[in-house]
Each structure stands twice: as structure tokens, then as C-alpha cells.
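I wanted to go through this model entry by entry, keeping a note of what I looked up and under which cut-offs. The sequence and the structure come first, and my notes follow.

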Amino acid sequence: AKKAFIFDLDGVIVDTAKYHFLAWQKLANQLGIEFTHEHNEGLKGVSRVRSLDIILELGNVQGSQEDKNKWLVQKNEEYLSYLVDMDESEILPGVLKVLEYLKSKNQFIALGSASKNARPILEKTNIMHFFDAIVDGNDVSNAKPDPEVFLRAAQLVGVSNENAIVFEDSVAGIQAANIANMISVGIGNASVLYEAKYNFKDFTFIDEAFLSQLIG
Ligand code: BG6
Ligand code: MG
């Protein structure tokens, strides 16, 4: 049977995790909150609204709903300013090779991202055509580690959970994949993503032998 290979976007396909960090850090500092790379690990894969709440809690800062809406818009505008000139060069090393290999083996490829900016990023980087299904932050109501985003992606391509493989750079995303009974592949630091079934520093370490073993 065909498998479903589900990719997270930010920090897996494209190097946007650094831009999310910079945009959150700018807002946090403006609110007098210290925000480090370590704090940021807990925000990876987490929705925009939840991320703001976590930052405010961190600094013990309260805000009205109006304030929060304003801060969310501000963060997103700052984030989008980094994406203006985005093109294929932002695709992380090894990703295209893996996408091309999976396509050549006639496997399903899906996106499972918390971001509401996912589609324009796939367009700017010219990789939209690889995807059989796209589920992003506009489609789901429950954020990772809730598995909703991955369950919907597998459903859209008609593959059972056990036949789905998830590539993730976030703790929340690995947990979501595990909860869904999918095969979790961590991309990044193994000591952070220790809950993943497999872990690779980046896609250049994923070879055809590994992928064909997953295809079965
Ligand atoms: C996730 C990122 O993919 O999407 C988070 O890891 C981000 O850092 C979240 O906050 C929501 O993204 P966006 O683009 O809708 O603000
Ligand atoms: Mg990510």
C-alpha cells in the first residue's frame, strides 16, 4: 500500500523557525520580557495565539483581548517582512531530494503545519506541486500536540495512521505524531526530540535506504 509522508513546514522544509523566533523576540522585548532560544523551543509547532499566551505568562504580563489582537498582528507583520524575498534558496538542505525520491516512488506527500502562512510559503519556494494534501493552521482547531493536523492529512490521502510517517522539528509535533500512532521522525537535535522514533540532524542524513525501508 502507498504510504503517507507528512511534512511539518517551519523548521523542516524551510528555515523559517529563525524568523518566527526573531519576530517573537522583538515583541517580547518590547513588552519587557526576556525571550531566549531556549524559551523558543517550547513555541515550535505551537499556534500563534497559544505562543503569545506562553510569552505573556513567561513575563507575567497581562493584556486585554484588544492588546493581544494588536500584538498578534504585529508579530505576524514582522514575520511576514522576513518572507518578502523568499525563494527556493530557503528550502533546507536535502529536502528537495527526499520529496523527489518519494514522488518517484509514487508515495503520498502531505503538509501538516500549524502555520496560517503555509500556502504562500509553498508557493514562494515553488514546491506546491509536490503535495497531494495540505493541512495548515487555517484548517484545524486543535494545535499540536493534538494530532488533528496529522489525522486530517492522512485522511485526505486515504491512508491509515500506521501507514503515515511524520517529519517534525518540534517536541509538540513529535508528540502529536506519536499520539496518532504514526511513525515520528525528528529533524534536529536528538536530545530535544528524544521522543521521536527516528532522529536525523537534517534531511541530508536521510538516505534512500531509509526511505525505501519506510515505504516497505
Ligand atoms: C508553526 C511554527 O509551524 O506555526 C510556530 O513552528 C508558529 O513557530 C506556528 O507560531 C503558527 O504560525 P503562523 O505562521 O500562523 O503564525
Ligand atoms: Mg516546525
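The model is a predicted one, where local features need pLDDT of at least 70 and side-chain atom pairs count only at pLDDT 80 or more, while totals for chains, interfaces and linings use all residues. Residues are numbered from 1 along each chain as its sequence is written, and chains are lettered from A and ligands numbered from 1 in the order in which they are written.

**Entry 1: the chain as a whole**

I counted nine helices and six strands in the protein chain. I then looked up the radius of gyration, taken over C-alpha atoms, with the globule rule being 2.2 Å times the number of residues to the power 0.38; for 216 residues a compact globule would come near 17 Å, and the chain agrees because it has 17 Å. The C-alpha trace spans about 50 × 35 × 30 Å along its principal axes.

For burial I used C-beta atoms placed from the backbone: a residue is buried if 20 or more others lie within 10 Å of its own, exposed if 12 or fewer, and partly exposed in between. On that scale 38% of the 216 residues are buried. For contacts I required the C-beta atoms of two residues, placed from the backbone, to lie within 7 Å; among contacts between residues at least 6 apart in sequence, 61% join residues at least 24 apart.

**Entry 2**

I followed β4 onward to β5 (residues 183-187), which runs parallel to β4 and is joined to it by four bridges, with Val-185 as the partner of Phe-167. Which residues cover each face of β4? Ala-164, Val-166 and Glu-168 lie on one side, Ile-165 and Phe-167 on the other, and all are buried.

**Entry 3: the nonpolar core**

I took a nonpolar core as a set of buried Ala, Val, Leu, Ile, Met, Phe, Trp, Tyr and Cys residues joined through C-beta atoms within 7 Å. The largest one has 57 residues, of which Ala-4, Ile-6, Phe-150, Ala-154, Ala-164 and Val-166 touch the most other members. Helix α7 (residues 148-157) gives the most to this core, with six residues. Leaving out residues up to four places away in sequence, Ala-164 touches Lys-3, Ala-4, Ile-6, Phe-150, Ala-154, Val-159 and Met-182.

I also checked Val-149 in α7, which counts as buried because 28 C-beta neighbours lie inside 10 Å.

**Entry 4: the ligand shell**

Of the 18 residues around the ligand, Asp-10, Arg-48, Ala-114, Ser-115 and Lys-116 come nearest. The shell holds four nonpolar, ten polar and four charged residues, where Ala, Val, Leu, Ile, Met, Phe, Trp, Tyr, Cys and Pro count as nonpolar, Asp, Glu, Lys and Arg as charged, and the others, Gly among them, as polar.

**Entry 5: loops and backbone geometry**

I noted a cis peptide bond from Lys-144 to Pro-145, with omega near 15°; Pro-145 sits in the loop between β3 (133-135) and α7.

In the loop between α3 and α4 I found Asn-60, a non-glycine residue with a positive phi of about 55°, and exposed because 7 other C-beta atoms lie within 10 Å. Asn-181, in the loop between α8 (171-179) and β5, has a positive phi near 65° and is partly exposed, with 14 other C-beta atoms within 10 Å.

Conventions. A residue is near a molecule or strand if its C-beta atom, placed from the backbone, lies within 6 Å of it. Two strands pair if DSSP finds at least two bridges between them.
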